[in-house]
Amino acid sequence: MTRIGGSWQNWGRSASVTPMRVERPRSPEGVQRAVRAAVAQGLTVKAVGAGHSFTGIAVAPGVLLELDDLQGLVSADESSGRVTLLAGTRLHRIPALLAPYGLAMQNLGDIDRQSISGAISTGTHGTGAGFGGLATQVVGVTLITAEGEFLRIDEEHEPELLPAVVVGLGALGIIVEVTLQCVPAFVMHAIDEPAPLEDVLATLAERVAASDHFEFYWFPHTDVALTKRQTRLPESTRREPLPVVGKWIDETFLSNGVYRVVCAAGRAVPAITPPFSRLAVKLTGDREYTDLSHRVLTQSRTVRFREMEYAVPAENVVPAFRAVQALIARRGWRIEFPIEVRFAREDDRWLSTAFGRATGYIAVHRYWRADPTAYFEAVEQIMLEHGGRPHWGKLHTLTAEDLRERYPRFDDFLAVRDRLDPQRRFGNRYLERVLGA
């Protein structure tokens with residue numbers, strides 16, 4: 001389906017564009033035809049999934065390819081755990097597709113609205129010091145090149161390209177299929193509980209090492225950390241999910257409904273933010289349950305926001321966090337969203353934020369109607385001082401020269417780009433900034 005005119009905007013309302021035309025291919029061959037047509041007309045072409053990146057990484061001023069119809073399971077092998085999905089498949093649909101085969105994704109981020117291709121292309125991750133980001137689960141991709149040809153990359157076909165194309169920023173081609181290495185389905189025992197912030201910071205390394213997955217949230221203006229720790233268990237383990245009513249009150253009514261009202265009101269009366277934050281840590285974040293992995297790892301977030309997230313060496317998390325804490329106090333800012341701290345194993349994906357080092361993530365957010373500029377820029381300087389790398393799908397100000405210093409394989413990635421897209425048919429302004437013209 002082709003549509004002339006109209007506009008596109010991302011979920012966070014931080015990027016928008018009016019492309020020359022929008023196409024909605026329903027098959028990999030449809031993507032191929034669209035790419036060939038765009039190239040023949042001298043137009044740039046970009047694919048968009050769910051629009052959950054906060055940057056302009058998916059902005060398509062030429063031809064925009066909506067992959068909403070490119071969803072579903074292509075193949076699954078229960079014995080090997082290998083599963084191939086169409087690129088536009090939303091993460092929240094994958095558990096049901098894997099269930100008949102007794103499989104699950106090894107790890108997930110806490111939001112599952114993204115498409116699988118968008119999530120891996122921007123280096124989206126979950127938490128757990130022993131587990132890599134979503135891109136580390138990828139063992140093969142099929143993409144459409146700038147020449148309009150299918151290119152399969154896996155352990156048998158040009159395997160040397162896999163570390164480049166998996167976190168490819170949409171710069172190397174249009175991904176149409178993704179092959180994942182899945183694991184046997186499992187359940188998780190979760191304990192969410194508040195703890196004194198100072199105690200959490202003082203014992204952070206021990207807490208991270210003691211759990212399969214550990215993270216914490218801190219609402220500015222409080223002295224409490226909301227900790228989340230999870231243990232992986234066999235699928236046969238008895239499940240004890242959250243009560244339906246209690247879950248609705250906690251996640252739908254309080255964490256989304258009431259919170260949305262308070263965020264909106266806080267713009268007009270900033271003074272209400274600190275007392276609400278102190279109340280929030282008393283009313284939420286204290287529960288224990290056991291459920292299927294995807295129901296524990298993910299959560300519903302309907303309050304619209306904007307986000308910046310930096311990856312720092314794991315050993316730098318505490319000093320970087322303390323510097324942000326001091327910054328907020330010094331500036332007297334009323335910050336309505338919590339700061340989120342997570343961890344991931346080092347990996348070998350060239351543009352992964354965890355490339356070559358055990359990594360901790362510090363994410364800051366603002367309500368989407370609030371101006372995040374001063375807060376984000378000040379936090380960004382702290383992260384850079386602590387060896388930070390920005391999440392590709394979240395707001396930051398770095399350029400290619402800044403990023404080259406932070407990624408040892410940066411120039412190798414550019415060489416692959418020169419090979420696969422020498423005319424920059426898959427480029428846009430964001431990629432010009434972060435990869436160079």
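This is a predicted model: local features need pLDDT of at least 70, side-chain atom pairs count only at pLDDT 80 or more; totals for chains, interfaces and linings use all residues.
Biologist: How many helices and strands are in the chain?

Modeller: The chain has 14 helices and 21 strands. Helices (H or I, at least four residues) and strands (E, at least two) are DSSP runs, numbered from the N terminus.

Biologist: Why is the chain called as compact as a globular protein of that length?

Modeller: The globule rule is 2.2 Å times the number of residues to the power 0.38, and the radius of gyration is taken over C-alpha atoms. For 437 residues the rule gives 22 Å, and the radius of gyration of the chain is 21 Å, close to that value, so the chain is as compact as a globular protein of that length. Its C-alpha atoms fill a box of roughly 60 × 50 × 40 Å along the principal axes.

Biologist: What share of the contacts between residues at least 6 apart in sequence joins residues at least 24 apart?

Modeller: That share is 73%. Contact means heavy atoms within 4.5 Å.

Biologist: What makes β17 and β21 edge strands?

Modeller: They belong to an open sheet of 8 strands with antiparallel pairing, in the order β17-β14-β16-β15-β19-β20-β18-β21. Strands β17 (287-292) and β21 (389-390) each pair on one side only.

Biologist: How do you know that β19 and β20 pair?

Modeller: Two strands pair if DSSP finds at least two bridges between them. Strand β19 (residues 339-344) and strand β20 (residues 359-367) are joined by 5 bridges and run antiparallel, so the pair meets the rule. Ala344 stands opposite Thr359 in β20.

Biologist: Which helix lies across β19 and β20?

Modeller: Helix α10 (residues 317-331) does, and it also lies across β15 (213-218) and β18 (305-313). The helix runs at about 170° to β19, where axes are lines fitted to C-alpha atoms, for helices over the stretch in contact, and angles run from 0 to 180 degrees between N-to-C directions. Val318 is in helix α10. Leaving aside neighbours within four places in sequence, Val318 is in contact with Leu201 and Leu204.

Biologist: What makes both faces of strand β6 covered?

Modeller: In β6 (residues 63-66), Val63 and Leu65 on one side and Leu64 and Glu66 on the other are all buried. Buried means under 20% relative accessible area, exposed over 50% and partly exposed in between, with a 1.4 Å probe and protein chains only. Strand β4 (residues 21-23) is joined to β6 by 3 bridges and runs parallel to it, with Glu23 partnering Leu65. Strand β5 (residues 45-48) also pairs with β6 in the parallel sense, over 4 bridges, and Val48 has Glu66 as its bridge partner.

Biologist: How many aromatic pairs does the structure hold?

Modeller: There are 9. Rings of Phe, Tyr and Trp (its six-membered ring) pair if their centres lie within 6.5 Å; planes under 30 degrees apart count as stacked, over 60 as edge-to-face and the rest as tilted.

Biologist: Why is the pair of Phe305 and Phe337 called tilted?

Modeller: The ring centres are 5.6 Å apart and the planes are at 50°, so the pair is tilted. Phe305 lies in strand β18 and Phe337 in the loop between α10 and β19, so the pair ties together parts 32 residues apart in sequence. Phe305 has 1% relative accessibility and therefore counts as buried; Phe337, at 7%, counts as buried too. Ring pairs link Trp11, Phe54, Phe305 and Phe337 into a cluster.

Biologist: How do you know that a charge sits over the ring of Trp368?

Modeller: A charge sits over a ring if NZ of Lys or CZ of Arg is within 6 Å of the ring centre and within 35 degrees of the ring normal. The charged end of Arg304 sits over the ring of Trp368, 5.8 Å from its centre. Arg389 lies over the face of Tyr407, at 4.9 Å from the ring centre.

How values were computed: Residues are numbered from 1 along each chain as its sequence is written. Side-chain values use heavy atoms; hydrogens and water are left out.
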